[in-house]
Amino acid sequence: MTGKLRKTGPIEKSQQVLLFLSPWLITFAVFWLYPLVFSLILSFCDYDVFHPALFSFAGCRNYLRLFSDGDFLQAFLNTLVFVIGTTPVTTLLGLALALMVNNVSRGSQVFRSIFFLPSIISIVVTATIFKSMYSPIGALNRLLEVFGLPGQAWLIEKNLALPAIMVMNIWAYTGYYMVLYLAALKAVPRQLYEAAEVDGATEWQQFRYITLPQIHYMTIFILTVNTIRSWQVFPEVFTLTSGGPVGRTNTLVHHLYETAFRYHEMGYSSAISYVLLAIIMAFSLLQMYILQGRRRRRGKPA
Amino acid sequence: MRKTVLRSLLLVLMLLPGALSGADVELTFWNFWDPKFILPVISRFEKDNPGVKIRNEQISWGNGLDKVVVAMANNRAPDICELGSTWMGKFMGEGALLDVTDKFCDLKPDYLMWEPATMNGRLYGMPWLAGTRVMFYNRKLFKEAGLDPDRGPETWDELLAAAKLIHNPEKGLYGFGMNAGEGHILYKKFMPFVWGNHGHIIDENGNFIFDSPQTREALEFYLKLKEYSYCEKQDLLDEAFKRGRLGLAISGSWNFARYPIDAPELDFGVALMPKPAKDKGFSTSFLGGQILVLFKSCKNPDVAAKFIRYLTTVENTLPITREALVSFPAHKNAYSDEMFTRDPRLGVFVEQMKTSVHPPIHRLWIELEKIINDTVEKAMYGESPDKVFAEAALEYARVTQRKTSGQSAVAATGATPVAVTSTSGQSGGSTQILLLTLIGVGTLLNAIMLMFLIYEVKKNAG
């Protein structure tokens, strides 16, 4: 058997593999690799779509301009706040909901569907609904009125607009992470809990020493994906505030969009997108390193 | 022999769609309207002009500008296109449009709003639709506050006093509806106060003169008005006015298509915009509209111009206006139609249009617009006028410096705008970038394959 494989040779086999992979490879090259390289080159150039002939190398000028661009720095700060404010909350809430739904003896399917519902609605639709809910005469303020609390202009007040978007985001995405966690929880072998019970472990100890380690890989996956998605927040902002008031909800991707498609500075917007790529990559690598590193350390005998 | 057969077969196949439709001239027309308004006009035109086919495509206000610009960059610009009049400065300034002076200049006496289609004395488009904003006021709230419900505020002071009388947030009533928290609209509501006070953004020599005593006065008034205002985005302002929560709001004619149907009990009037004082300034508003243009790549400018002349006539444009009520025909004869005389409130729009001001036709208008919005918004959020005007001046200097460096390069290299080069194929810049990208993609692909190969070899060897 092995002899036959050797005969075909590694190169020929690779060619076969490449042939079968080609549908994917071609789309990958055309729709992913090509834009990737194109925008990398663009980020070092001046390129105005109205004057393609004026295309010229700008060196690092686009990247240097980022540091003096107040709008960019504001957008970076806003996005950072957004990531720090939403990622842990959606992850933890998702886990909490999953644990609860998993332990409900009856009607767990109903709860699961209800919590998951917000994430199947298009985020633009959700944002449109929240937009009128957040208005000074909207549903949220009426609810507050019932409790005798003062109403707010949620999306107009400059210190409330970003938190308001974050709350909407948490509402919309928690259910998705809950379902992911639920899948992981279902895969934890029941015997482990039974054995722990026999040994007299408390609920907390069971969670700490069985559940958490068993769903560790799902946690890594969710944290990474969640962080990436939070850095790329766009439709919420575009629909709710388009960056206002006074740039307090402008995020990196929204700033990038405006630079590219409103002011037509393709080179500069490509530079922004590459900085965003670098930020996301750094964050993801850091997360992987910390989470997997701890796992490895724990796995070693003391 | 077989090759020739194949070739001729291919040729037939290529010509087939054109042959089937029987069209000698096929033109694409991009616009912002529901096709049900446009298609009847097109089919009538096609019937009158055998051999002409107009392909209609609807684009949206949300992404229309992106789409047009991207299409232009790819040499796929439509032959005929409807553009927002505030974009004209950019498109004309960048030299993307066809000079149509000799095609439409005979129509000048009959139509309004030539200003946004004109640059350096040449004509680059045909005005199609025009619209303005007026002061809406709630007659019921006016009566309750002891104000005369038959006339709106005529001066800034009257506006402020009326807003103050009506404003009662505890009861959910607000004096004035003020735009906030969204980009790109604020200036349409603020600039009338500046223009009415004889203030300007750009003077005739192209200098940025936004920071003036007139503007500062208008801003000071606007901030006073904010005290008695409900601050929200445009759609939510219209919604709040519809629910009878706002005393006054500046808005457009599209509300006439909605308020009578959604809120028949709403008793509202419209009035001309207030002027600074009885003996000072004038009543003015924002004027904007839609211009029909031909891109330089237009396949048949003569037929396209003929279609534009047909489309912009009163009988073809008025039905669109009647249905959507977003803006009115640019043709002057349209205003004798019973639609404007039946409801005197629509007559106010016609009256306001006579004194309305179109934003400056400037190559950098999109950037200027942001500067003005930012300035007013920052002031609304409590920053001092001195600071916001200083920042506006700084930002203007930055933008012009950045953009003129490109423009001087145009002069130096003699480079022509995209639409001109389209006839001679790819321009130098795009070829360069295309080559670089292809090389980059190739290198990366090769690297991936190499890695894959090495991995395979190693695995099999092991």
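In this predicted model, chains A and B meet through 47 residues of chain B, which are in contact with 37 residues of chain A. At least two residues each come from the strand β8 (229-232) and from the helices α3 (64-73), α10 (234-242), α16 (365-380), α17 (385-413), α18 (418-421) and α19 (428-461) of chain B. Of these, α19(B) gives the largest share of the side that touches chain A, with 16 residues. Sorted by class, this side of chain B holds 24 nonpolar residues, alongside 14 polar and nine charged ones.

Chain B also has a contact surface of its own, between two domains. Domain 1 of chain B is made up of residues 20-131 + 288-355, while domain 2 of chain B takes in 133-286 + 362-404. Their C-alpha centres sit 29 Å apart. Where the two domains touch, 17 residues of domain 1 of chain B are in contact with 20 residues of domain 2 of chain B.

On the domain 1 side of that contact, the elements giving two or more residues are α4 (88-93) and α15 (344-355) of chain B. The helix α15(B) supplies the largest share here, seven residues.

Notes:
Residues numbered from 1 in each chain as written. Chains lettered and ligands numbered in written order. Predicted model: local features only at pLDDT ≥ 70, side-chain atom pairs only at ≥ 80, totals over all residues. Domains from an automatic or database assignment. Contact = placed C-beta atoms within 7 Å. Helix = DSSP H or I, 4+ residues; strand = E, 2+ residues; numbered from the N terminus. Nonpolar A, V, L, I, M, F, W, Y, C, P; charged D, E, K, R; others polar.
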